[in-house]
Structure formats: structure tokens, C-alpha cells
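Me: I have a structure open and would like to go through some of its contacts. Could you take me through them?

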Amino acid sequence: MSTYPNLEAPPLSSAETHQQVSLSQQSMPESERPWQTVVWDDPVNLMSYVSFVFQRHFGYTLQHAEDLMLRVHHDGHAIVAEGSREKMEMHVEAMHDYGLWSTLRQAGTP
Amino acid sequence: MRISRINAEGFTVLHIHEDEADLVETLVAQLVSLYRDYSTGEPDPDPLLASLDLGGASSAPADPALARLLPDAYEDDTLASEFRQTSERGIVNRKIQDADNVLALLGAARLDGIDQFLPDEETTLTHDDLPAFGSDTDSRVLSVPLDEHGFLSWVKTLTAMRLALAARLAIDTENDLEREPLDDMEANTRAVYDWLAEFTEALLSAQRS
């Protein structure tokens with residue numbers, strides 16, 4: 001994502017919490033594990049646009065959208081939604097409509 | 001270019017110089033032909049059916065611009081291929097609809113003639129300082145009112161144009177943005193790319209105000 005200077009410092013990321021979640025999900029039977037929508041960092045999409053898309057499509061608050069956007073930017077990707085495979089496919093398709101780079105995967109996939 | 005916001009009606013108005021409008025039209029027309037040349041078969045004339053059209057290729061497009069516009073939905077190749085074969089055509093058709101809407105709104109603004117829009121109390125001028133792209137700042141100014149749907153078509157299409165240009169400029173990482181242009185043509189493409197980014201920023205900030 002292109003960087004714009006007037007952004008606040010990122011909150012200390014919850015990347016560790018995320019890892020714990022996926023570790024516990026790894027022990028779940030495959031059929032019970034939820035699917036995830038992942039958005040990946042790219043050098044083209046503007047940070048303000050990514051945040052706008054998260055608010056507009058998922059209905060997230062400004063704060064939550066900004067947190068997720070910064071996680072994408074700093075960690076290279078972020079899980080932006082979890083649920084059934086069909087739902088995540090719809091989200092990924094919507095992200096592609098907006099021009100964001102997004103994939104779906106099952107939680108706990110190595 | 002100027003962007004204002006009419007809060008009462010909740011829409012955003014673009015005040016765009018005619019030479020800037022020409023540039024946008026040229027780029028959008030190129031984007032539409034990129035999509036149309038790629039997509040197989042005529043889209044359904046009904047816009048809703050076209051947007052739900054099933055079908056698609058079995059692997060990612062070879063053209064790097066199209067590959068960015070139509071990325072894989074799964075990291076696994078087999079799953080990505082299966083998904084693309086049912087979803088891709090609908091996505092392409094929806095992208096064409098957004099681009100066509102941008103062209104239609106610009107076309108209507110040209111017919112309306114001069115910028116009849118004067119700032120008043122209900123108006124917030126959000127971007128009076130966006131640099132003009134063209135050299136002829138005395139050219140006619142068109143006013144393009146954008147409702148929610150129009151606004152979305154514009155920001156999505158501006159983004160699509162930047163994704164396509166980034167592929168042509170081989171911008172793969174943030175470091176590539178620092179690279180010196182190879183020649184005048186690349187420098188010009190970079191200038192357009194940066195202008196489109198500023199334009200998108202301004203539209204998004206107008207929408208927040």
C-alpha cells in the first residue's frame with residue numbers, strides 16, 4: 001500500500017493472539033474449522049481506500065477498519081472475516097471487485 | 001479539479017477540467033477494452049444477469065495488468081482454478097459496468113455544459129487544491145454529481161486503472177515507487193499514476209467530510 005504520512009502509529013498488533021487461535025483450531029476436526037478471508041498487502045492500493053472498503057463492505061467501524069488495514073500493511077496480510085466457505089467466497093469476490101488482493105482459506109491450514 | 005460535498009443531499013460533486021476528463025476517458029476506455037478482449041462471449045444485455053454470469057478461465061490471465069485485476073481466490077492452484085471457472089466472468093462484467101458508469105457520468109456532464117454548480121452554505125469544499133493534470137487550466141470545467149453508486153463506480157475504476165498502470169510500470173513492491181523512471185514515457189505514466197492516487201485520496205476524503 002502507498003504510505004501517507006498523517007497516519008497514527010499502529011496499535012501493538014494482536015498477531016500473537018491470532019497465532020494462538022490458529023493453533024487451537026488446528027486440533028479441531030477439519031469439517032468444524034471455519035474459513036477465513038485474508039487480505040494481502042500490495043504497493044498500489046491506498047491505505048485510505050483499504051480502510052474505506054473494510055467499512056463499506058463489512059460494516060466495520062472506522063477504528064476496526066483502520067486496525068485491520070494497518071495489520072495488512074505491517075504484517076503483509078490480515079484475516080478480515082471468518083465463517084462458512086460460501087460466505088468467505090462471497091467476501092473474496094467482493095474484495096476483488098474493489099481491486100483488493102484477497103484469498104480464502106480454512107483456519108489451521110499449514 | 002475541485003471536489004465538493006453537498007451534505008443535505010449526501011452527494012459528492014467533481015468539478016473537473018475538460019482536459020482532465022479527456023485523460024480519464026482515454027484511460028477508462030483502454031481499461032474497458034482490456035476487459036472485453038479478455039472476456040469470452042458477449043455479456044448478457046441485462047446488467048443484473050451479466051453481473052451474475054457464470055464462467056471463466058481455468059488459470060490466471062497471462063497479461064500482468066489483468067492478473068492484478070483478477071487475482072486468484074485461493075492459494076491452492078486447483079481450488080483457484082475451480083473458483084475462477086465459475087466466478088471470473090461475473091467479476092469482469094461488474095468491472096465493465098463500473099467503468100461504463102464512469103464514462104456515462106462524464107458524458108452526461110459534457111452535455112450539461114459548463115459548471116453550473118456554485119458553492120453555497122450546504123456545500124463543503126473539500127479539495128480546492130488538487131493539482132490540475134492538464135496544461136490548459138483555462139479549459140471548460142465540467143461538474144459531475146456523484147450519488148452513492150456513482151461514487152463507488154469512480155473509486156473502484158480509479159483503483160482498477162492504477163492497478164493496471166502499476167503492472168505496466170512493474171511496481172511490485174514499495175521500493176519500486178522510489179525507482180527513477182527509465183525514459184520520458186515511463187515518467188509520464190508515473191505522473192498519471194500519481195495523479196490518479198491524489199484524485200482517489202481527494203474523493204475518499206470528501207466522502208468522509
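Me: Which residue forms a salt bridge with B:Arg94?
Reply: In this predicted model, the partner of B:Arg94 is A:Glu93, and the closest N and O atoms of the pair are 2.9 Å apart.

Me: Where do the two residues of that pair sit?
Reply: The pair crosses between chains: B:Arg94 belongs to helix α4 (residues 77–112) of chain B, and A:Glu93 belongs to helix α4 of chain A. As a general point, side chains of opposite charge can pair when their charged atoms come close.

Me: How many salt bridges are there between chain A and chain B?
Reply: There are three salt bridges between chain A and chain B. Over all chains, a search of the whole structure finds 15.

Me: And how many residue pairs are in polar contact there?
Reply: Nine residue pairs are in polar contact between chain A and chain B, counting pairs with both residues at pLDDT 80 or more.

Me: Which elements of chain A supply the side that touches chain B?
Reply: At least two residues each come from β1 (35–40), α2 (47–58), α4 (85–98) and β3 (102–106) of chain A. Of the elements of chain A, α4(A) gives the most to that side, with seven residues.

Me: What is that side made of, by class?
Reply: The side of chain A that touches chain B has 14 nonpolar, nine polar and six charged residues.

Me: How many residues does each chain bring to the contact, and what area is buried?
Reply: Chain A contributes 29 residues and chain B contributes 34 residues. Between them the two chains bury about 2700 Å², with 57% of it on carbon and sulfur atoms.

Me: Changing topic to chain B: at what angle do α1(B) and α6(B) cross?
Reply: The axes of helix α1 (residues 18–38) and helix α6 (residues 184–208) of chain B cross at roughly 105° and come within 13 Å. The two helices, α1(B) and α6(B), are therefore roughly perpendicular to each other.

Me: Which residues meet there?
Reply: From α1(B), the residues are B:Glu20, B:Leu23, B:Val24 and B:Leu27; they meet B:Val192, B:Trp195, B:Leu196 and B:Phe199 in α6(B).

Me: And how do the residues of that contact divide by class?
Reply: The contact of α1(B) with α6(B) has seven nonpolar residues, no polar ones and one charged residue.

Technical notes. Residues are numbered from 1 along each chain as its sequence is written. Chains are lettered from A and ligands numbered from 1 in the order in which they are written. This is a predicted model: local features need pLDDT of at least 70, side-chain atom pairs count only at pLDDT 80 or more; totals for chains, interfaces and linings use all residues. Side-chain values use heavy atoms; hydrogens and water are left out. Contact means heavy atoms within 4.5 Å. Buried area is the accessible area (1.4 Å probe) that two parts lose on being put together, summed over both. A salt bridge is a side-chain nitrogen of Lys or Arg within 4 Å of a carboxyl oxygen of Asp or Glu. A polar contact is a pair of N or O atoms within 3.5 Å; within protein, one must be able to donate a hydrogen and the other to accept it, and residues adjacent in sequence count only if both atoms are side-chain atoms. Helices (H or I, at least four residues) and strands (E, at least two) are DSSP runs, numbered from the N terminus. Ala, Val, Leu, Ile, Met, Phe, Trp, Tyr, Cys and Pro count as nonpolar, Asp, Glu, Lys and Arg as charged, and the others, Gly among them, as polar. Axes are lines fitted to C-alpha atoms, for helices over the stretch in contact, and angles run from 0 to 180 degrees between N-to-C directions. Angles under 35 degrees count as roughly parallel, over 145 as roughly antiparallel, 65 to 115 as roughly perpendicular and the rest as oblique.
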